[in-house]
Amino acid sequence: CDKEVKVTHHGKEHTTDKRDKHGDRHCSAKGKHRSKYIATLFVDPDDYQELLVDNGNGIAHGIPPVPMIKSSLSKVSSEAASKKPQFPSPIKMYALSSERPKNKPSKEHENFREIETITPLSKKFHLDVDERFGVLGEGDLASDFFETLSKSVTENINLMMGTSNSTDSPSGGGESEISQLCNNGMTVVSWKHSRIPILARALGCGKGEGCPKRYKG
């Protein structure tokens, strides 16, 4: 079962953050521009396959290659920044819940930055963003992800054995989105940068797998 998880964060607080009249936090104009740029890093499966062919790559067993294209940024400071990666469209999307509970109710507020960071991406591919999991909910998110992945494995086995229930798929027995998750399917998570290492470990990625203990936002 080959799958990939991309984790991002909302950007630097002092440059991509603003508050509304209720004290709730949102992406600033710079943060919104960044979120739109993130959406350009993902392409439809057919376009992704064409890019792989153009770059002389193919999806082998394991992590898919990442083709690079010319960046649309008007100002770049290095040759590396003049190109941007292209990833296949996501199958599933998570974002940190906007709720930020405090000990004092008067200090409670909502923070929509993680959600707004991937809203353009979700609209581009007509996907819902799962916002059920909040701060300290990394374990619950990981459990939900692996449960969905388990369903993907089951669906793939049923498809191979010819025992797939046609009522489970909108295409009448064809490959569903859940089954695609296990076939190099992409999951995107927008999370609070200081808790990304915790989320990574919950998903099975520690220092030995290349995930740092601290993530500099």
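The secondary structure of the protein chain comprises eight helices and twelve strands, where helices (H or I, at least four residues) and strands (E, at least two) are DSSP runs numbered from the N terminus. This is a predicted model, in which local features need pLDDT of at least 70 and side-chain atom pairs count only at pLDDT 80 or more, while totals for chains, interfaces and linings use all residues. Residues are numbered from 1 along each chain as its sequence is written, and side-chain values use heavy atoms, with hydrogens and water left out.

Of the 217 residues in the protein chain, 40% are buried; buried means under 20% relative accessible area, exposed over 50%, and partly exposed in between (1.4 Å probe, protein chains only). The accessible surface of the chain comes to about 13000 Å², and 51% of this belongs to carbon and sulfur atoms. Accessible areas come from the Shrake-Rupley method with a 1.4 Å probe, and for residues only the protein chains shown count as cover. Among contacts (heavy atoms within 4.5 Å) with a separation of 6 or more, 65% are between residues 24 or more positions apart.

Helix α6 covers residues 138-161. Its 24 residues should span 34 Å at 1.5 Å a residue, and because its end C-alpha atoms are 35 Å apart, the two values agree. The expected span is 1.5 Å times one less than the number of residues. The buried residues of α6 include Glu138, Leu141, Phe145 and Leu149, as well as Ser152 and Asn156. Met160 also lies in α6, but its relative accessibility is 68%, so Met160 counts as exposed. Together with Val153, Ile157 and Met161, Met160 forms a nonpolar patch on the surface, with about 430 Å² of accessible area in total. Just after α6, Gly162 takes a positive phi of about 75°.

Arg195 is found in the loop between β12 (183-190) and α8 (196-202). Its relative accessible area is 18%, and Arg195 is therefore buried. Apart from neighbours within four places in sequence, Arg195 is in contact with Val135, Leu136 and Glu138. Glu138 is itself one of the buried residues of α6.

Ile198 is placed in helix α8. With 30% relative accessibility, Ile198 counts as partly exposed. The C-alpha atoms of Ile198 and Leu136 are separated by 9.0 Å, although these residues are 62 residues apart along the chain.

Notes. Patch = residues over 30% accessible without salt bridge, like charges linked within 9 Å, V, L, I, M, F, W, Y side chains within 5 Å. Salt bridge = Lys/Arg side-chain N within 4 Å of Asp/Glu carboxyl O.
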